[in-house]
Amino acid sequence: MSVATPPAAPPPGRRQRLARRVAAVGAMPLLQTARRLLRRDLRVYAWHRVRPLEDGFTFDPSLVSASPEGFREQVRHLRDRYRPLRCADLAEALAGGRPLPRDAVLLTFDDGYDDNFRFAFPILRELGVPALFFVATGHIDSGEPFAYDWLVHLLLTATPSAARLPAPLDDLQVPPGRQARLELAWQALDRIKALAATDQEAWIDAVAGIGGATPARMHPDCRPMDWHMLRSMRAGGMEIGSHGVSHRMLAKLDDAALLGEIRGSRARLDEELGQDTLAISYPVGGDDSFDARVLAAVEDAGYGFAFTYNNGSNRWPPARRHALLRQSVEADMDAAWFAGIAALPELFAHPSVQRTYPA
Ligand SMILES: [Zn+2]
């Protein structure tokens, strides 16, 4: 299978090169042991999509966190050297005032793409490792593609080039060439995320008009999971959490819409899956997507834990269990770098999210 050119893949950085050298001399377990003596915390990993990246892929390649083969190696590494927990284990430990086991890790997924079911779930089940999948319930209900990724698709497939984007981004034009269009899409996403959530959606709808015929809003490469898949995953030992109803940035909503996203998604998950939903992850997840009002609303809605997309590890018990930090997993992480980030994130992980477009 041919593989598409990675999106603007940077050359190996300082941290990645160091990880390769440390792994080559077999010193990674030593670093893990040293850290284990100094710190007992919870590390949470965040993937988006796990799938092969084929030529002709017309959605955001930066959302593909790992190939199936790479993901299998990552999960095997965490299973063999760490202690993967369920979110329910965290709740029990917190309620009982107990510490977590050393090397505690939690595996999470954001968004709810159907490749989570097709590629990630069978690997997790085979290796006996649990994971927590955060899904946007409105997309599970409708089967509609995810708006930000749909925007990337619209810009990659727009004809002709040189079309001007709708206001307020009408200073930007659609360039020729895939890489230039990807960069335009990421720039546009960064800028529209300053808008109110409904204005973001209206703007993306307006972009659909610039490419001539509006493409059908269904595509096999950008499908959410359905309830049947989620029920199968729960039966297979996975956990399902909320990522809102419509993947809106919660801090950009008025009170009524905020409660609709938080409470509405929880009610759908509880109803369809017969569970008492324990956790939510904030759509987009950076500092501009949640605030004190959002944290209070999430706690009030009954969520025991909420996860951001800010990088870091969590002391236990956590000071803010509704603003837990995660480590994003990106496609350019080779096995050595992933092992380094797991062993000693203070040395090998980027201090903050590097992508300009967290999702
Ligand atoms: Zn998301």
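His 247 lies in the loop between β7 and α11 (helices are DSSP runs of H or I with at least four residues, strands are runs of E with at least two, and both are numbered from the N terminus). His 247 is buried, with a relative accessible area of 9% (buried is under 20%, exposed over 50%, partly exposed in between, with a 1.4 Å probe and protein chains only). Its phi is near 55°, a positive value in a residue other than glycine.

This is a predicted model, in which local features need pLDDT of at least 70, side-chain atom pairs count only at pLDDT 80 or more, and totals for chains, interfaces and linings use all residues. Residues are numbered from 1 along each chain as its sequence is written, and side-chain values use heavy atoms, with hydrogens and water left out.

**The loop around His 243**

- His 243 is found in the loop between β7 (239–242) and α11 (255–273).
- His 243 has 0% relative accessibility and counts as buried.
- The side chain of His 243 makes a polar contact with the side chain of His 247 at 3.1 Å (a polar contact is a pair of N or O atoms within 3.5 Å; within protein, one must be able to donate a hydrogen and the other to accept it, and residues adjacent in sequence count only if both atoms are side-chain atoms).
- The side chain of His 243 also makes a polar contact with the side chain of Ser 281, at 2.7 Å.

**Domains and their interface**

- The protein is divided into domain 1 (40–144 + 222–336) and domain 2 (147–207); the bounds come from an automatic or database domain assignment.
- The centres of domain 1 and domain 2, taken over C-alpha atoms, are 27 Å apart.
- The contact takes 17 residues from domain 1 and 19 residues from domain 2 (contact means heavy atoms within 4.5 Å).
- Domain 1 and domain 2 bury about 1,300 Å² between them, with 55% of it on carbon and sulfur atoms (buried area is the accessible area, with a 1.4 Å probe, that two parts lose on being put together, summed over both).
- Thr 58, Phe 59 and Lys 252 supply 34% of the area that domain 1 buries against domain 2, more than any other three residues.
- Two salt bridges are found across the interface of domain 1 and domain 2 (a salt bridge is a side-chain nitrogen of Lys or Arg within 4 Å of a carboxyl oxygen of Asp or Glu).
- Six residue pairs are in polar contact between domain 1 and domain 2, both residues at pLDDT 80 or more.
- The side of domain 1 that touches domain 2 has nine nonpolar, four polar and four charged residues (Ala, Val, Leu, Ile, Met, Phe, Trp, Tyr, Cys and Pro count as nonpolar, Asp, Glu, Lys and Arg as charged, and the others, Gly among them, as polar).

**Salt bridges**

- The whole structure holds 28 salt bridges.
- Asp 115 and Arg 49 meet in a salt bridge through their side chains (2.8 Å, N to O).
- This pair links distant parts of the chain: Asp 115 sits in helix α5 (residues 114–127) and Arg 49 in strand β2 (residues 49–50), 66 residues apart.
- Asp 115 is buried, at a relative accessible area of 0%, and Arg 49 is buried, also at 0%.
- The side chain of Arg 49 also meets that of Asp 149 in a salt bridge (3.8 Å, N to O).
- Glu 239 and Arg 86 form a salt bridge through their side chains (3.8 Å, N to O).
- Glu 239 lies in strand β7 and Arg 86 in the loop between β4 (83–84) and α4 (87–96), so the pair ties together parts that are 153 residues apart in sequence.
- Glu 239 counts as buried at 10% relative accessibility, whereas Arg 86 is partly exposed at 30%.
- Arg 79 and Asp 80 meet in a salt bridge through their side chains (3.0 Å, N to O).
- Arg 79 counts as partly exposed, at 34% relative accessibility.
- A network of salt bridges links Arg 35, Arg 36, Arg 39, Asp 41, Arg 43, Asp 103 and Glu 346.

**Helix α13**

- Helix α13 (residues 335–343) is mostly covered, with eight of its nine residues buried.
- Its buried residues include Trp 337, Phe 338 and Ile 341.
- Among the elements that cover these residues are α1 (14–24), α2 (28–38), β1 (41–47) and α14 (345–348).

**Backbone features**

- Ala 167 and Pro 168 are joined by a cis peptide bond, with omega about 10°.
- Pro 168 is found in the loop between α7 (147–157) and α8 (178–192).
- The peptide bond from Trp 316 to Pro 317 is cis, with omega near -5°.
- Pro 317 lies in the loop between β10 (314–315) and β11.
- Val 284 has phi near 70°, a positive value in a residue other than glycine.
- Val 284 lies in the loop between β8 (279–281) and α12 (292–300) and counts as buried at 2% relative accessibility.
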